[in-house]
Amino acid sequence: MSEISVRPALITNVLPDSIAAEIGFEPGDAIVAINGTRPRDLIDYQFLCADEVLELEVLDAAGKSHSVEIEKDYDDDLGLEFETALFDGLIQCNNRCPFCFIDQQPPGKRQTLYLKDDDYRLSFLYGSYLTLTNLTQKEWDRIEQMRLSPLYVSIHATESDIRRRLLKNQRAGQILEQLNWFQERRLQIHAQVVVCPGINDGTHLERTLLDLAQFHTGEVPAVASAAVVPVGLTRFRPTEDELTPVSREKAEEVIHQVQQLQEKFRQQWGSTFAWLADEWFLIARQDLPPESHYEDYPQIGNGVGSIRQFLKQFQNIASEELPPRLDTHRSFTWVVGNAVEQAFQPLVQQLNTVEGLEVRLAALRSDYWGQEITVTGLLTGQDLLKGLQGKDLGEAILLPSLMLKQNDTRFLDDMTVEELARQLETPILPVNGTEELIKACIKGN
């Protein structure tokens, strides 16, 4: 990619008491070059800023160019945050997977909802999944030279014809050769398999997991872990996509199949290696595995063990923070997806043991997406409006912030928290995790 296409890195925040704050950087300034090199992304920026002596070319908010020299300790962070991690633009997906959530949305929403990310840099920085189908030789070389590991890769199937069928891309059939590439260079990936009934399930799923397991060997296993995830379908998907939803019977079948393989993997390596997303157990209406099953939660980003982790964190914080009583009576409605209704009932009961505290759990399905069983993060403003309107909601609604766009107040349907609060005539308190949830219950706003 040419330097001409690399935009200056726009600064959106300067951390207090940082090197950048001391020098006088302000939001709206932009980094053009570091020691003569234009950073393409946050990876370049971090690598270039590791030096002890830096010469920065900076554009201020008015567009005036400045040269700034900095002497610091090796690896000291400057304390800058940027508008985006990618200064040269997003590498977008060149596949046409029928189960892609981007293509299962209604038209007319904000543009960012339709960007198909397949960027190895976001995979390295934030754990987002990529397919490896769109990498140029230059990008493969960069992954090797900068040791960008681990990456997170959507595998779905290791049989060439099945993977090509799923990704609708002829380059998708090279996955085993690509895994060999990682193995030869002692680089790692975490793998994801989205199960589509009738396409990559049954014997194909077994073949995929056994193939991936062949790369879970040596001091640095090329495939560190694998997650098995059920396909998620919405009412907006194309009718000709050949996909069928995961039924309760299919979930039971996959759980049984994968658990047999897990036992084999544990005997071989002392690790489960291939993990079932929590959704399988919710769809099958089976109990989740115990906390000890999840080891160090290598696939938490895929919803593997996220419910168990939440329950554990809740118990740890509740035992320290929940008082026996409140001085002032408080009542709240805690909104979640109906997928976790059963798992979260004990938490609600524990909150309600506090004298003067009343918490009601509103476990909703998503009519917006057309899903019977809905994870919390997919609930939209319209779902909440339909499910909560006309009900006694108490003094405020406790809203898991994972329903909202990051650093924003919009749901996936573009409704804002403010709009919803106005229509429900009830304040809404976004809460991020168990600590904020318990704090909101005790202290309110």
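Student: What makes the crossing of α4 and α6 right-handed?

Tutor: A crossing counts as right-handed if the near helix is turned clockwise from the far one by less than a right angle, and as left-handed if anticlockwise; the crossing of α4 and α6 is right-handed. This is a predicted model, in which local features need pLDDT of at least 70 and side-chain atom pairs count only at pLDDT 80 or more, while totals for chains, interfaces and linings use all residues. Residues are numbered from 1 along each chain as its sequence is written, and side-chain values use heavy atoms, with hydrogens and water left out.

Student: Why is α4 called roughly parallel to α6?

Tutor: The axes of helix α4 (residues 137-145) and helix α6 (residues 175-184) cross at roughly 30° and come within 11 Å, where axes are lines fitted to C-alpha atoms over the stretch in contact and angles run from 0 to 180 degrees between N-to-C directions. Angles under 35 degrees count as roughly parallel, over 145 as roughly antiparallel, 65 to 115 as roughly perpendicular and the rest as oblique, and therefore α4 is roughly parallel to α6.

Student: Which residues make that contact, and how do they divide by class?

Tutor: With contact meaning heavy atoms within 4.5 Å, W140, I143 and E144 of α4 meet Q178, W181 and F182 of α6. By class, there are four nonpolar residues, one polar and one charged; Ala, Val, Leu, Ile, Met, Phe, Trp, Tyr, Cys and Pro count as nonpolar, Asp, Glu, Lys and Arg as charged, and the others, Gly among them, as polar.

Student: What angle and distance describe the packing of α7 and α8?

Tutor: Helix α7 (residues 203-213) packs with helix α8 (residues 248-269) at an angle of about 20°, and their axes are 11 Å apart. That angle makes α7 roughly parallel to α8, and α7 passes α8 in a right-handed crossing. The contact involves T203, L205, E206, L209, L210 and A213 of α7, together with V254, Q257, V258, L261, K264, F265 and W269 of α8. These residues divide into nine nonpolar, two polar and two charged.

Student: How do you know which strands are at the edges of the open sheet?

Tutor: The open sheet has five strands in the order β4-β3-β2-β1-β5, with antiparallel pairing, and two strands pair if DSSP finds at least two bridges between them. The edge strands are β4 (65-71) and β5 (80-82), each of which pairs on one side only. From one strand to the next, the twist averages 45°.

Student: How many bridges join β1 to β2 and to β5?

Tutor: Two bridges join β1 to β2, with A30 as the bridge partner of L10, whereas three join strand β1 (residues 9-14) to β5, where N13 stands opposite E81. On β2 and strand β3 (residues 53-59), four bridges form an antiparallel pairing, and I34 stands opposite L56.

Student: Why is strand β2 described as largely enclosed?

Tutor: Buried means under 20% relative accessible area, exposed over 50% and partly exposed in between (1.4 Å probe, protein chains only). Five of the five residues of strand β2 (residues 30-34) are buried, so β2 is largely enclosed by the rest of the structure.

Student: Is Q309 then buried, partly exposed or exposed?

Tutor: Q309, found in helix α10 (residues 306-321), has 26% relative accessibility and therefore counts as partly exposed. Not counting residues up to four places away in sequence, Q309 touches Y297 and I300.
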